[in-house]
Amino acid sequence: MDHFQVKNGVLHAEDVALPAIAEAVGTPVYVYSEATLRRHARVFREALSILPKTHFAFAVKSNPNLAVLRVLKEEGFGADVVSIGEARRALAAGIPGADIVFSGVGKTDEEMAEALESGIGQFNLESEEEGVELARIAHEKGLTATAALRVNPDVDAGTHDKISTGKADNKFGVPYFSAKDIFARLSALPGMNLRGLAVHIGSQITNLDPSRAAFAKMGVLLADLRAAGHTITHLDLGGGLGVPYRVGEQLPGPDDYAAMVAEVTKDWDVTVMFEPGRVITGNSGVLVSKVVRVKRGANNPFVVVDAAMNDLARPAMYDAWHDCVAVRPSGETMTANVVGPICESSDTFARNREMDAVTTGDLVAFRTAGAYGATMANTYNSRPLVPEVLVSGDRYAVVANRIEPATILAAEQVPDWLK
Ligand code: LLP
């Protein structure tokens, strides 16, 4: 459930009519609903409260906006970060270092050093090489790095190939069969407090069986490591729970996920950690765009909107579906292609889609755009960087400005020899 509803014929975010925001801020613009963010955060946490010990680290990559992070901090979430830039954002939002998990296959020495100094709570190690380096840096600083070893369970999450991370040939984690030996070697290093294991098999997961299989393998490894005398207090199960992108889509929700996790982890006696992203932010945001014109096509018409693949990359990158609805629905429908102005055919949001009828000057909203939306935006075709707005009840505020092409141009220069 979300707080984007049609009231008096106009799509609202909570109590704010989207045309009011479009008028004041311009389009395209991302609009987030604070009540929806809070609701999703609470539903997820409450579902998992059936476990005795938990820790929630919001996957910052899904929506790193400072205001969004602040809301989730207030909801008791820590952060899962994959770069020092994300760590700095989480800290700036007031999330304590101790509640931050640092994941990612390419942590540099500089990033690890800064994270250690910031008191980051847990490093999720993606390789033995990284663990050796982290221990050395920590030891040299007279610090101890708290860490978990990310294991690649070789399980196919059954999601889009580009967002699948748990198969043996994916770059993530250490191979399952060598995890026990690597754990033993890393945990003996000075500067290293290796306290747990981590796993994450992919994103937009819509069937719980692969996760169940991966977690069960982690349980076997946990028992093996304990039998070998290791102390394991934390097990990080990553993120990945999918969200409905289409009206009426029936997917496993947080309660189903929690029941599965409770069953698999019942004898583990660890703090179970979670890194949800999309399930918290996905349906908390929409991308509002204006129809520039409707152009006749050979078959169906092209609805050319002022948002493009640089603002919302998911359809072009993953063939992802985002519902496209009229902000003032007339009740009429049409079959159309929805495209942006960018000069390549991948700049297509919908093909031959039955949708609300719209015409030049109308506003449309792409739904479920709160996760992996603005954060993946860029300035391709010298377009502005899209702004973001947060709504709370009948208030709203711009929480990220539109960055104009002139600002980006000002950071470029012609070298002396070309002057
Ligand atoms: N933890 C780790 C280690 C991850 O790699 C990810 C996502 C998450 C947690 C959060 O996953 P979530 O709960 O959001 O599914 N740009 C793609 C998604 C990339 C996901 C990358 N990792 C998209 O737009 O679908």
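First, the ground rules. Residues are numbered from 1 along each chain as its sequence is written. This is a predicted model: local features need pLDDT of at least 70, side-chain atom pairs count only at pLDDT 80 or more, and totals for chains, interfaces and linings use all residues.

Now the ligand. There are 22 residues around the ligand, and Ala59, Ser203, Gly239, Gly277 and Tyr372 come nearest. A residue is near if its C-beta atom, placed from the backbone, lies within 6 Å. The shell has 8 nonpolar, 10 polar and 4 charged residues. Here Ala, Val, Leu, Ile, Met, Phe, Trp, Tyr, Cys and Pro count as nonpolar, Asp, Glu, Lys and Arg as charged, and the others, Gly among them, as polar. Helix 10 (278–281) and helix 11 (314–318) each supply at least two shell residues. Helices (H or I, at least four residues) and strands (E, at least two) are DSSP runs, numbered from the N terminus.

Where does the ligand lie? Domain 1 (4–32 + 283–409) and domain 2 (34–281) both give residues to its shell, so the ligand lies between them. Those bounds come from an automatic or database domain assignment.

Next, the sheet. It is open, with 3 strands in the order 1-2-3 and antiparallel pairing. Pairing takes at least two DSSP bridges between two strands. Strand 2 (residues 10–13) and strand 3 share 2 bridges. His12 has Ala17 of strand 3 as its bridge partner.

Last, helix 2 (residues 34–48) and helix 9 (residues 254–264). They pack at about 30°, axes 8 Å apart. Axes are lines fitted to C-alpha atoms over the stretch in contact, and angles run from 0 to 180 degrees between N-to-C directions. Helix 2 and helix 9 are therefore roughly parallel, a label for angles under 35 degrees.

Technical notes
Parallel < 35°, antiparallel > 145°, perpendicular 65-115°, else oblique.
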